[in-house]
Amino acid sequence: MPNDSNDHDDHGDHGAKLTRRRLIQAGLAMGALGAVRPGLLVPGARAAPPGPAEVLTGSHWGAFYMRTERGHVTGIRPWEGDPHPSPQLPGVRDSIYSPTRIRYPMVRRAWLEHGPGSDKAGRGKGDFVRVDWDKALDLVANELTRVRKHYGPTSIFGGSYGWKSPGKLHNCQTLLARALTVNGGFVSRSGDYSTGAAQVILPYVVGSIDVYEQPTVWPVLAEHTELMVFWAANPMVTNQIGWQVPDHGAYPGMEALRRRGVQVICIDPQKTETCRFFGAEWLAPRPQTDVAMMLGIAHTLYTENLHDAKFLERYTTGFDQFVPYLTGKSDGKPKDAQWASDICEIPADTIRALARRFASKRTMLAAGWSIQRQHHGEQAHWMLVTLAAMLGQIGLPGGGYGFTYHYANGGSPTATGPVLPGISAGAKPPPGSEWLEAGGTETIPVSRIVEMLENPGGAYDHNGKRETYPDIRLAYWVGGNPFMHHQDRNRMIKAWQKLDTFIVHDYQWTATARHADIVLPCTTSYERNDIEGIGDYAMSHILPMRKVVDPLFEARNDYDIFTAICERMGTRSAFTEERDEMGWIRVFYEAARIQARGKRMEMPVFDVFWNSNKPLAFPISEEAKGYIRHKEFRDDPLLNALGTASGRIEIYSSNIAHMKYDDCPPHPTWMEPLERLGGTGTKYPLHVVSSHPAGRLHSQLCGTVLRETYAIHGREPCLMHPEDARARGIVDGDVIRVFNDRGQMLVGVRLTDQIRRGAIRVSEGGWYDPVEPGKPGTLCRYGDVNNLTSNIATSKLANGNCGHTAMAQAEKFHGTPPDVQVFRPPPGSSA
Ligand code: PGD
Ligand code: PGD
């Protein structure tokens, strides 16, 4: 999810991340197209008219119509232009009326009665008091003022991370940043949880973050690719979701590949939905050993002279420094197929055969991101690029590598529409905040929040710099669920006690909201007006997101909440720029309209667009349908040099060498992770795969009817191989306890041979439901997998999270398991 200029997140406007050259080319193509088809664009050319009282809107799951009767949403149906609607749509509707909705502003009793910092260990116990909005807003404004006055702007953490809802105005994280900026600054964060390691190392390797950029598009794959390798990627599941409103263009892309009978290999500890869709070969290495497996393939390529020496010579640098490591000349350990097999448990013959097959066919290496959400995760994507460089197919149609085939429908050809702007965090800071104007907001790497709370003033290394952690007193969270997304829940709960005050806006009683001191109820996307693009990469339409129903209970828009807080702090006008909701939406649309004119397209006037109840479509050029990643570089590596130090693909990085990090050497390297399946000295026997859930988006929709489709005894499901179960006396449908030294949780077990032995799968996103809230180590009743994961950073280079580094043990739970309670609102919060 790349950054769009107005989005305070690294997940953003992928299609906007066109290189300058592509923009120029796109512009030229548009000129030609515009000459043929000038004139007014017609909203929703492909859409059938909606039925009575059906309002078109959209969110992370796609564009859809919501049917209303007497002010109530009674139905949801996908927009006709969606080629593969998400099966999660019923949960989207239910999320509006879920019993987990936060109804009223609530304040933790101890905080309200005794002030900030009172009974910090009481957080999470659910002892809240309902207050009216005026009181709640006064409390927030006064507390922000107090903390800033006594401890300064670097004592306020506003780097609130998470999958807030789409919409160019109600982008709550940017709104929070904006509100904190106009009031004098705050501490923010860099990076994200999705690609924390890869997005930092890849600029050294290929000159851009790459993980959010457009790969070679699906139509080119369908025509040219002979062998498609999904390495730790499950695009059939994860493309359901977009950072903006998804176009779902990857699904027809995959269908075309299947129709053509392209060979597909899935390298994954689970036989995924993608593997089954393609009827693909399934290879299941030990988790966290992919770098060793890739090295084994590279060794075979090199020793059998199957590597493309000419490509390496012309387009890369540092292969000669990598070879002594590969052959073992530098450390006495050849990274041959047998060496790799001993680590990853894929037979050596299979590894050698893979090398030969990759080299003999037009091969696309399509990697997902779990393998970089692991200890030393930087190495995975670096080694994968190295492997692709050795194959010499980067920049050729259908070959090379791609890092977004599984994400937000990367590979959907990009339309030639405008980039829709949105609200910015950058309103001018008031006098007195010179530090902000001079240096910008202080940041920490996003997943180092617990270290930050544990070590105020402590030094840490990050990407070549020595930095210092700020001393935080107040954290403000909107649009994210850290009590789900962060690793090592128990350590985190303790660290959180550092805070005097924790403020949260959400529309549902997540574990994060339950651990707050002040909880403010916000609206869902369907209770407000907004505007958004369809297709993170496709950028195919602009979607009017019209309000479907009035806000439920006392919910308010984040925009209105921040406006009221700024009003109290004397900064209302700086925050709003004197615009209301519709005023902003018009501004964004008009800016897009001006851009479109520059491309010789005429968008309709705003009112026509807004009242049409249809998305506005943009054309896709033939050139976009033929896009090949790195083609320009291949055609002319001097004129189109990469953004690396050498302008080439760096297999050895002098910049990284200069950092002298013991956990990130200057060429791709296999390093033992903290713990792993088959690792010597690893205490627990089962690797915990915490892949992304098929039935929800992280923790979103976990509180809805969808849960009934996957929960086992009301708990998060855990996939386990029958042999692992037999060894523990576990049978299908049992409630089991999964535990390690970091934490413990109950889950319901599903036995299947679609997961390799020694690995279990519990998806991320299950709601944290502690038996004894606030007590570190307590049992989680529902199955929040981050009770088990490690808080360790990937390396000093990127400081990414390691959600996929966790070993544990499992046992049958005897007796009556405690009832799951997290889907009931805290006592007193409903009346
Ligand atoms: P979500 O459940 O999407 O999880 O972590 P993230 O925090 O993004 O939380 C979003 C929250 O925002 C929800 O509570 C939702 O209700 C709220 N929200 C939505 N819209 C609005 C709005 O308009 N206003 C306000 N105020 N709130 C809103 C996801 C993170 O988890 C990510 S991105 C990844 S990639 C990581 N993945 C893993 C993993 O693979 N394995 C493990 N073990 N852990 C992970 N954690 C990370
Ligand atoms: P994961 O599910 O974590 O997805 O994209 P990402 O690619 O990170 O992992 C993909 C596959 O890797 C899984 O099938 C898993 O079994 C496998 N895997 C895990 N560990 C290993 C390993 O060590 N080696 C190998 N070879 N394979 C491994 C996630 C992306 O999805 C992101 S970041 C976000 S924020 C979105 N989240 C969701 C979501 O929560 N729900 C849905 N339905 N869709 C999403 N799309 C996005």
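Here is a short walk through this predicted model, from an annotated domain to a ligand site and then a sheet.

Let's start with the annotation. An unreviewed UniProt entry places the feature "domain: Molybdopterin oxidoreductase N-terminal" at residues 57–97. In the model, this span is 22% helix and 44% strand, and its end C-alpha atoms lie 17 Å apart.

Next, have a look at ligand 2. There are 34 residues around it, and Asp268, Gln270, Asp290, Arg373 and His692 come nearest. The shell divides into 13 nonpolar, 16 polar and 5 charged residues. Some of the contacts can be followed atom by atom. On the backbone side, a polar atom of threonine 238 is 2.8 Å from a nitrogen atom of ligand 2, while a backbone N or O atom of alanine 232 lies 3.5 Å from an oxygen atom of the ligand. Histidine 406 contributes through its side chain, with a polar atom 3.4 Å from a ligand oxygen.

Strands of a sheet pair through backbone hydrogen bonds, either parallel or antiparallel. Here, 5 strands form an open sheet in the order S10-S9-S8-S12-S13, with parallel pairing. Strands S10 (281–283) and S13 (400–402) stand at the edges with a single partner strand each, so one side of each has no neighbour in the sheet. On average, neighbouring strands are turned by 20° against each other, direction ignored. To see one pairing up close, find S12 (residues 363–367), which pairs with S13 over 3 bridges in the parallel sense. There, leucine 365 stands opposite tyrosine 401 in S13.

Methods
Residues are numbered from 1 along each chain as its sequence is written. Chains are lettered from A and ligands numbered from 1 in the order in which they are written. This is a predicted model: local features need pLDDT of at least 70, side-chain atom pairs count only at pLDDT 80 or more; totals for chains, interfaces and linings use all residues. Side-chain values use heavy atoms; hydrogens and water are left out. UniProt positions are given in the numbering used here, feature names are shortened, and annotations may be inferred rather than shown by experiment. Helices (H or I, at least four residues) and strands (E, at least two) are DSSP runs, numbered from the N terminus. A residue is near a molecule or strand if one of its heavy atoms lies within 4 Å of it. A polar contact is a pair of N or O atoms within 3.5 Å; within protein, one must be able to donate a hydrogen and the other to accept it, and residues adjacent in sequence count only if both atoms are side-chain atoms. Ala, Val, Leu, Ile, Met, Phe, Trp, Tyr, Cys and Pro count as nonpolar, Asp, Glu, Lys and Arg as charged, and the others, Gly among them, as polar. Two strands pair if DSSP finds at least two bridges between them. Axes are lines fitted to C-alpha atoms, for helices over the stretch in contact, and angles run from 0 to 180 degrees between N-to-C directions.
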